[in-house]
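Work through the exercises below with the sequence and the 3D view at hand. Try each task before reading its solution.

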Amino acid sequence: MQSKRRVFLKGSLAASAAGLAVGAGLLSPRAVLAADWPEAAFDSEGMDNALSELFGSSDVADSGDITVKAPDIAENGAVVPVTVESSIADTDKVAIFVSKNPTPLVASFDLSGANPFVSTRIRMGETDDVTGVVHAGGKLFKAGKEVKVTIGGCGG
């Protein structure tokens, strides 16, 4: 019983300290979680512009070594499950694009030595290709899959 009380008190104290730091402006979620946030890339209106902002180039080659998994038909465009996997050596970044979305860059992952596999849920405004772009060995590679959306998730 005494052990559970101590764990509870330690957790409560830690949560209170973090809450005070956030409330005082000493910690902000953006500063802690997204120090290198590529804001210009996420705000870009075209896929080529977003690629240039994110990777410094929009020169992308098609690749059969990238797998994009997504449903053929998404009944609700607000929650479309997508998985991107790369078997290209030295893959260090993966990004997901939907060109007809108001902002085409949907997600960006810096893998820094992790397995080149990402899985997330994205929003799609209408039927379009979901494109996985991989940065490996200083070059960009892509693969895509068409997803038919019955109810748009980007305000449509």
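This is a predicted model: local features need pLDDT of at least 70, side-chain atom pairs count only at pLDDT 80 or more; totals for chains, interfaces and linings use all residues.

Residues are numbered from 1 along each chain as its sequence is written, and side-chain values use heavy atoms, with hydrogens and water left out.

**Exercise 1. The helix**

Find the buried residues of helix α4 and state what they pack against.

Step 1. Locate α4 at residues 47-55. Helices (H or I, at least four residues) and strands (E, at least two) are DSSP runs, numbered from the N terminus.

Step 2. Pick out the buried residues: Met47, Ala50, Leu51, Leu54 and Phe55. Buried means under 20% relative accessible area, exposed over 50%, and partly exposed in between (1.4 Å probe, protein chains only).

Step 3. Look down the axis of α4. The buried residues fall within an arc of 100°, so they line one face of the helix. The arc is taken from the directions running from the helix axis to the C-beta atoms.

Step 4. List the partners. The buried residues of α4 pack against α3, β1, β5, β6, β8 and β9. Contact here means heavy atoms within 4.5 Å.

Step 5. Gly56 follows α4, and its phi is positive, near 85°.

**Exercise 2. The salt bridges**

How many salt bridges are there, and which residues form them?

Step 1. Apply the rule: a side-chain nitrogen of Lys or Arg within 4 Å of a carboxyl oxygen of Asp or Glu. The count is two.

Step 2. Lys142 meets Asp62 at 4.0 Å, N to O. Lys142 is in strand β9 and Asp62 in strand β1, 80 residues apart. Lys142 is partly exposed at 29%, whereas Asp62 is exposed at 63%.

Step 3. Asp72 bridges to Lys145, with the closest N and O atoms 2.4 Å apart. Asp72 lies in the loop between β2 and β3 and Lys145 in strand β9, so the pair ties together parts 73 residues apart in sequence. Asp72 is exposed, at 55% relative accessibility.
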